[in-house]
Amino acid sequence: MANPTHADVTPHNILLIKLRHHGDMLLTTPVINALRQRYPQANIDVLLYKETRPMLEAHPAIRQLHVIDRKWKQEGSWRKLRHERDLLAAVRAAHYDIVINLADQWRSALITLASGAPLRIGFAFNKRNNAFWRLCHNRLVPTSNHNQLHTVEQNMSALTPLGISPQGARASMHYSAVDGQKVDALLAEQRVDAAFIVFQPTSRWNFKCWEEEKVAATIDQLAQANRKVVLTAAPDKHEMAMIARIQSLCTTPHLVSLAGQLTLPQLAALIDRARLFIGVDSAPMHMAAALDTPCIALFGPTKLQFWRPWGENNRVIWAGDYGLLPNPDSIDTNTRERYLSAIPVDDVVEAARNFLHD
């Protein structure tokens, strides 16, 4: 690698860094897929938060996942320091030719610098406009147009120094054969035929959710004997209570709940087998889009430009088309307000029937 900033480099080992939530990790897969296409012989590793591993652990292009466990800080200063030291040692031992830091944390910049990689790419974030950030990265990619780009396009712009175009960026979600078999067994047990709908009405943020009454009314209109609706949710107390309320409001007998029973890769296997996915702005929605399962995404005061489902087989129903919404930057994430309430049941049902060709 005589010229580490040239587009014609031939790297052996590449590290991608992203320290965010589950959906963010899925939206790094276009970068991973583009790197695999350009450098088919290279080893590609990813550094991420431990809890987001399920989003990438079955990706066939990834050799190794380095993890940061946010619980390290609960173990005391010395043990946390030992974990950090071991992580840095593992990164250095991998002899990366290229490190691509998609994150904005100082920690990610330090790891990028400590890697010793000849080419260290990062973003020129306004809030990181200082000498140390520039020391950590020897190629900084402008972010001046990021507010006009989808998150996938923002991530893909980090590949500009490698001469890799963002055109045709493709997200992907992977799961193991074992997870697929587990889901098939659950569906057989619940007597769910092939033409089912997955409905994920929950989010860890209440303001992203539609009312239970409207979810139930939608399910009652779409569920049929030969097309059951399968409810899903995280095994979270708040989300499970919401699912229980939806079940109590539904009159159809053609409703099945697998809420709280699936890992994220198993949920991916379920969504992959579905005729249609309906859900709110959440990681499962991004999974449906990545799996190319027809997807209806219900959005409230979220930045659509950044977070709409990525792909062609999707329909966004935005509460802002039916009434005024607050600025996404002004939202108190702990509010109990349901900003999706303006979305009418009939429009969701009609969109679903268009996908289902009813």
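Predicted model: local features only at pLDDT ≥ 70, side-chain atom pairs only at ≥ 80, totals over all residues.
Serine 257 touches Leu231, Ile243 and Gln247, if we leave aside its neighbours within four places in sequence. You will find the residue in strand 9, which covers residues 255-257. Is serine 257 buried or exposed? Its relative accessible area is 17%, and because the cut-off for buried is under 20%, serine 257 counts as buried.

From here, let us turn to a pair of helices. Helix 8 spans residues 212-222 and helix 9 spans residues 237-249. Their axes lie 9 Å apart, and the two pack at an angle of about 50°. The crossing of the two helices is right-handed. Which residues make the contact? On helix 8 they are Glu212, Glu213, Val215, Ala216, Ile219 and Asp220, and on helix 9 they are Met242, Arg245, Ile246 and Leu249. Sorted by class, this contact of helix 8 with helix 9 has 6 nonpolar residues and 4 charged ones, with no polar residues.

Helix 10, residues 264-273, and helix 11 have axes that come within 10 Å and cross at roughly 50°. Helix 10 is therefore oblique to helix 11, and it passes helix 11 in a right-handed crossing. Helix 10 contributes Leu264, Leu267, Ala268 and Ile271 to the contact, while helix 11 contributes Pro284, Met287 and Ala288. How do the residues of this contact of helix 10 with helix 11 divide by class? There are 7 nonpolar residues, no polar and no charged.

Stay with helix 11 for a moment, and look at the loop that joins strand 10 (276-280) to helix 11 (283-290), where aspartate 281 lies. Aspartate 281 counts as buried, at 5% relative accessibility. Its side chain makes a polar contact with the side chain of lysine 208, at 3.3 Å. Which residues surround aspartate 281 in contact, once neighbours within four places in sequence are left aside? They are Ser203, Lys208, His286, Leu298, Phe299, Thr302 and Trp307.

Most residues other than glycine have a negative phi. Against that background, arginine 191 is worth a look: its phi is near 55°, a positive value in a residue other than glycine. Arginine 191 sits in the loop between helix 7 (177-189) and strand 7 (197-200). With a relative accessible area of 69%, arginine 191 is exposed.

Histidine 357 is the other detail, with a phi near 60°, again a positive value in a residue other than glycine. Where does histidine 357 lie? You will find it in the segment after helix 13 (345-356). Histidine 357 is exposed, with a relative accessible area of 70%.

Key:
Residues numbered from 1 in each chain as written. Heavy atoms only, no water. Axes fitted to C-alpha atoms, helices over the stretch in contact; angles between N-to-C directions. Helix = DSSP H or I, 4+ residues; strand = E, 2+ residues; numbered from the N terminus. Left-handed = near helix turned anticlockwise from the far one by under 90°. Contact = heavy atoms within 4.5 Å. Nonpolar A, V, L, I, M, F, W, Y, C, P; charged D, E, K, R; others polar. Buried < 20%, exposed > 50% of the residue type's maximum accessible area, 1.4 Å probe, protein only. Polar contact = N/O pair within 3.5 Å; in protein donor to acceptor, adjacent residues only side chain to side chain. Parallel < 35°, antiparallel > 145°, perpendicular 65-115°, else oblique.
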